[in-house]
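Hi,

Here is the structure I said I would pass on.

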Amino acid sequence: MSGRVHLGMPAFPEAAASATRNARLRGNLSHATGTIRAKRAQAVAELSDWDALRAAGAAVKDRTLRHLDHYLERLEEAVTAAGGTVHWAADAAEANRIVTDLVRATGETEVVKVKSMATQEIDLNAALERAGIRAYETDLAELIVQLGDDLPSHILVPAIHRNRGEIRDIFREEMGRWGRPAPKGLTDDPAELAEAARLHLREKFLRAKVGVSGANFMVAETGTLVVVESEGNGRMCLTLPETLISVVGIEKVVPTWQDLEIFLQLLPRSSTAERMNPYTSMWTGTTDSETADGPRVFHLVLLDNGRTDALADTVGRQALRCIRCSACLNVCPVYERAGGHAYGSAYPGPIGAILTPQLRGTASELDASLPYASSLCGACYEVCPVAIDIPQVLVHLRERVVEGGEVTVRGQRTTIRPARGHAAERAAMRAARWAFDHPRALLAGQRLASRTRRLHPRRLPGPGRAWTATRDLPTVPAESFRDWWRRTRNVRGEARGEGGGR
Amino acid sequence: MRVALFVTCVTDTLYPGTGRATVDLLERLGVAVDFPLAQSCCGQPQFNTGYRRETEPLVRRHVEAFRDYDHVVTPSGSCAAMVRENHPRVAARGGDAALERVATEVASRTYELSEFLVDVLGVTDVGAYYPHTVTYHPTCHGMRTLGLGDRPRRLLENVRGLELVELPAADQCCGFGGTFAVKNAAVSAAMGADKARNIENTGAEAVCAVDNSCLMHIGGTLSRRGSTVRAVHLAEILAATEDGTERAAEDGTRRSTR
Amino acid sequence: MSGRDVVLARIRRALTDVPRSEAPDDVPVPRSYERAHVPDGETSDALVDLLAENLADYRALVHRTDADGLPTLLRRLLLEHGSETVLVPPGLPTWWLESADATRVHDRAASTPAELDAVDSVVTGCAVAIAETGTIVLDGGPDQGRRRITLIPDHHVCVVRVPDQVVASVPRALERLDPTRPLTWISGPSATSDIELDRVEGVHGPRTLEVVLLTE
């Protein structure tokens, strides 16, 4: 299973280019994202105070991040007081080891899982499998991905790249190998597909002794965890097993119970475009044995895995406000055409393009290409419910890639060198800057281009081919604007500042 | 009122007709416009690709060229956005507080053309005549960073002879994105193709925008597809009058080699 | 060093830009959003109507009755669903089901999920209902029982006492709720958007949600 993780993936441009040639994928993605875009806009427009909620959401997250140690310690205290056990994991390996040991201690060899980005990020399922423990994904889309031996491609809807016909085929072929087979004569009607998932998973829910989840929010003040979902698989995993293990990124903490009033309005409308999602579960530690409501044992694993590296970057830090709604993916024109797999991580789309290079660093070619996976159109920032200025962070990370500099890697301040493969570009950027800072040189260049304009080829060789493969070049005019101005306004000699730069 | 034209490097070098149209239009509206020759590029290509240190000298040059003017007008949404949003940031990141202060001042006096017309001059009918069917593409920086809203549309609606037709999925990026167009050429081309198809489906003779870099990509894509739809800058439409000063004609089809 | 020490030390090193003198509450949080989106003068009748409308919008079946009508209504709902058995939380008022034909099943601590899976319906009260979002919230109170009993049966009938239990908005609901109790917020029947981002109702939770607005 671990073979499917994103090792050895090509850089974004190559993976995206091959996705643009996959007509079915393009069709699936544009249909799905097109459906949700209009609905989100409508759900948001219902609230006259959306901008105020958005500002409050961003501010609460900023307050939390600036005092993250304080809030995590409060959280730990509250969870412990309510009967839970808190573990801290500095990286994926440590988190996987903690969870594996906890499951082993129960004596069980299978767990049911609620969809969780954190456990995708650390590839928990593969780690459990190596320990002889089978993890059953119970979210419909995660089930589709797991049965199809596939990778998730969207934060909210991991199987967004599959259409109903493909899903039917996967169910028919694979369900039997994992448990109850698909009903005979299963069609591609979404209601029938959902029914097939219900039947397939029911036996697993009813016998499960260990549940594994993430959480959307953790309340420092009360020790309460919150899981927002639609299908009821979350409720199953959170209430039926005897042991519950939640793996949650450290940035998911919010200070107070009252703060939930902001996020429970922002999240559903941004995510599934609903006034409220069908089910939200909130629990605080464990209940007493007399009540016997829900797991008797609760473990919370707090996950760093690069988050503190992002926290150390005062521009990049805002990426940790993210509440994983996926609105930025749904509006992104690049995501719509490249698909989620091209981003090579559990976090695709615009948020992935700023989160992954901060969590994993920019050493690999793929990770260094992610900040460039955007036309900087700003649609992501516009819809982000916690106002993450994704274009700003993208440009900031591009600077890190091409110029290097001070960053934090695994908690250590380090100076990184510029990424390889940008030498020609750097030279061109310097040359252009020099010309722009020496308008006389620019003018000379413009005049040369004008004089030779009949000779310009229509298709360029080398890097220029990337432009002319699909676009014609503009004709160079006979006279630049600058020359026209000089000629018609009788400007003579050198004007102030027209000489060289300083 | 001292008004300077910030023509932008792309318009200066490749689309001088847009610059001439902007001057014509402003002078027709009684604005004396100056063109400080010290100006060059706002540094957007460098900055957006990650070369902040290469951007800083250009920010310095820009604020020196424009600091003495009451208003700076530019026929480019993205260059106006670069000046307003990023020049102060570049200066701040470089640790130059004095530059940051001047850059912030210049930024506060910088207007994209439609903003200058509607907000500063208070006109929406500029007396233009353009007897063609036109569709309007709101560029990303114009729409989202500057918040131009319906200003360009209101100006177009008051042009005599002009029939404005709706562009489906207008708010979708055309796929230009500066160096994105070559770094992620396949996705850029796919976005451009969808934009071109939507434009063609309107049946318009021309597609209008407030940014020549986006128009270069859109026009180049349309032209390669063999489309007859022209890509025209808003300034050129607003400068056109009944007595025939349709400046765009001077550059022929202009947007491409076809 | 323990994982805890490592993570906390990293966080403190990462936050060197935060002045030592800054307290968490010094970071401003503007709370200029509304406490509710319905007009302040909204009558309780209008709130109840809005609740009914929003519940129905997400495919909950909404019924209205008073105390006199409740037992017959519940009898009818169970009959119409073909339910032979009905789960009863420990503190459900006995008169609610006094007319029902279905066999009452009482939840015990030892009841297994498989046993609960054999029951056709469940009838509960609720802690609070939110008009703006069409949400009912259960807090495990005596008339609601353990979370699992409203999850496993395929048919959930939830009685909301109106107007007392109805609040306008999410902020007002949180004010009324106790975070130490296990809470379940329910907005319509189980649903999914996982196939082509289009919503279909009915996955793992109860596929039929009926809400009875009980006028007291």
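Below is what I found at the places where the chains meet.

First, some housekeeping: this is a predicted model, where local features need pLDDT of at least 70 and side-chain atom pairs count only at pLDDT 80 or more, while totals for chains, interfaces and linings use all residues. Residues are numbered from 1 along each chain as its sequence is written, and chains are lettered from A and ligands numbered from 1 in the order in which they are written.

Let's start with chains A and C. On the A side, 83 residues are in contact with 65 residues of chain C (contact meaning C-beta atoms, placed from the backbone, within 7 Å). Helix α3 (residues 50-66) of chain A gives the most to that side, with nine residues (helices are DSSP runs of H or I, at least four residues, and strands are runs of E, at least two, numbered from the N terminus).

The two chains also share strand pairing: β9 (279-284) of chain A and β9 (183-186) of chain C run antiparallel, joined by four bridges (strands pair if DSSP finds at least two bridges between them). Within this, Tyr279(A) has Ile186(C) as its bridge partner.

Leaving aside neighbours within four places in sequence, Ala191(A) is in contact with Val200(C) and Gly202(C). Ala191(A) counts as partly exposed because it has 14 C-beta neighbours inside 10 Å (20 or more would be buried, 12 or fewer exposed, with C-beta atoms placed from the backbone).

As for chains A and B, 62 residues of chain B are in contact with 56 residues of chain A.

Cheers

Terms used:
Contact = placed C-beta atoms within 7 Å.
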